[in-house]
Amino acid sequence: MQVHDIFPTLLPRNSEFTIYDGLINVKNESYQLRIELPQANGGVQPGSLENASCCCCAGSRIDCDWRLSHLLGDYLDVLRQRLKLSNTLPVFLVEFRAIVESCITAAVSSSSSSASANAGWPQSLRLPPKFFSRIIKEIEGLGWDRLAFVDPSFSHLQLVAHDDGHRSHPVTVHFDSNYPTVAPHCTVDLPAAFELRWSSQDGCLQDVYHQFTEALKAYADFWHLMDEIDSSVWVLEPEHPNRSAVLRRIAISSSTSVQIEVDATAPRALPTIQLLGAAQAVSPLREHLNRNLDNWDVNQSILDNLTMLLGVDFPSKSTTKKEEFHVACGICYAYRLDDAAPTEVCADERCKQPFHHLCLYEWLRTLPASRVSFNVIFGSCPYCEQPITVKMNG
C-alpha cells in the first residue's frame with residue numbers, strides 16, 4: 001500500500017520523499033495536511049520511515065489547517081507521537097484516517113447527546129490524552145530499543161528482555177483504562193507465574209521491566225540445561241518447546257524413550273523420570289536406573305546424569321535423523337493424535353510397532369477376545385497378534 005492509495009492528493013514535495021503536503025478527503029470533508037519525515041542517511045524510500053527509532057523520528061512533524069486541528073483537539077498530539085512509533089507512513093495514514101473518521105462521526109452525533117457521541121468513538125479515543133502521553137513518556141524513559149510492539153489502541157505493548165545467556169524473552173503488558181491506578185496484566189513465557197508487585201502511586205513500565213529481568217535470573221540455569229538437551233538429542237515432546245516447558249520426552253531408540261519433568265527452581269536436582277516403550281525394552285533400562293539413582297550428581301548436567309542413570313548413549317542430532325524416531329501409530333497411521341505421540345509399543349522384538357494409547361485402548365476394547373483385569377486390557381497386537389496390554393483410560 002502506498003501513500004497515494006490512501007490520500008491521492010497528499011503529494012511528495014521533494015525527491016527524498018520526506019515531505020508530503022496536500023489535501024486529504026475524509027467523509028466528504030477536505031483538510032490541509034503536511035507531514036515532514038526525518039532525513040535518513042542516504043535518503044529514504046517513498047513513504048518509508050527507515051530506522052524508526054526515537055532519535056531518527058524525533059524530527060517528524062504533522063501540521064494541518066485549523067478545522068482539522070479543532071476537530072482532533074488534544075488527540076493531535078497523540079497522533080504526532082503515533083507517527084514516531086509507526087514503521088511506515090502508509091500504516092500511520094490508515095490509522096490517521098480512521099481516527100479522523102471517528103472524530104467526524106462523534107462531532108456529528110454530539111448534538112443529540114454527548115454520551116452517545118462518545119460511544120461511537122474507538123476505545124482508544126475514549127481515553128484521556130494524558131493516558132497516551134504517560135505511556136509514551138514511560139517508553140522513552142525505559143528505552144525504545146526494549147520495545148518490540150505496541151498496539152495502535154495502546155491497550156497493550158510488548159517489551160523484550162535478555163537473560164544472562166543472551167536469550168530473548170518477551171513480556172506483553174496489558175493496560176487497564178485506569179492505569180496506573182490499576183496494575184497492568186503481564187503475559188510471560190516462564191516456568192512459573194510472574195507476580196507483579198505494583199504501586200498505584202509510582203508504578204510504571206520501568207518497574208515491570210525490572211521485575212521481569214529479575215525473574216529471568218532465577219531460571220537462567222534451567223534454560224541453560226534444557227537448551228543443552230534440545231540442541232544435542234532428539235526431543236519427541238514437546239515438538240517445539242517454549243521457555244515455560246518443564247517436560248521433555250527424549251528418544252532412546254525407535255521404540256523407547258524417557259520423559260523427564262524438571263523443577264525449574266532446582267533444575268540440577270533429580271527430575272521425575274518415566275520410561276516409555278515396550279516392557280521388554282524398558283525393563284533393563286529401569287533396572288539400570290534404580291541401581292544408579294543414588295549416583296545423581298548435582299554438579300553435572302541433566303543430560304550427563306541421564307546417560308549415567310540409564311547406561312545409554314542418546315542418539316545424537318549430528319549422526320541421526322528425527323524421522324528415525326517419529327514412527328507412526330500402527331492403527332491411525334499418524335504420528336500425532338491430539339498433540340500426543342505414540343507411547344504404547346508391542347513387546348515382541350520382531351514387531352515393536354508403536355501405537356497411541358487411545359488408539360490401542362479403543363482397538364482392544366472392541367475385540368471379543370480381549371479381557372480386563374485390574375484396570376488393564378489384555379489382547380493381541382493389531383500387527384503381529386502377539387500379546388499386548390494397555391491401561392484403561394481414567
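1. Of the 394 residues in this chain, 42% count as buried, where buried means under 20% relative accessible area, exposed over 50% and partly exposed in between, with a 1.4 Å probe and protein chains only. Please keep in mind that this is a predicted model, in which local features need pLDDT of at least 70, side-chain atom pairs count only at pLDDT 80 or more, and totals for chains, interfaces and linings use all residues. Residues are numbered from 1 along each chain as its sequence is written, and side-chain values use heavy atoms, leaving out hydrogens and water.

2. The chain has 11 helices and 17 strands; these are DSSP runs numbered from the N terminus, with at least four residues (H or I) for a helix and at least two (E) for a strand.

3. Among contacts (heavy atoms within 4.5 Å) with a separation of 6 or more, 48% join residues 24 or more positions apart.

4. Helix H8 is worth a look: its 13 residues, 220–232, reach 18 Å from first C-alpha to last, close to the 18 Å expected, which is 1.5 Å times one less than the number of residues. Its buried residues include Phe222, Trp223 and Ile229. The buried residues of H8 pack against several elements, among them strand E7 (168–174) and helix H10 (302–310).

5. Finally, Trp144 sits in the loop between helix H6 (129–142) and strand E5 (147–150). Trp144 counts as buried because its relative accessible area is 18%. Its C-alpha lies 9.4 Å from that of Leu85, 59 residues apart along the chain.
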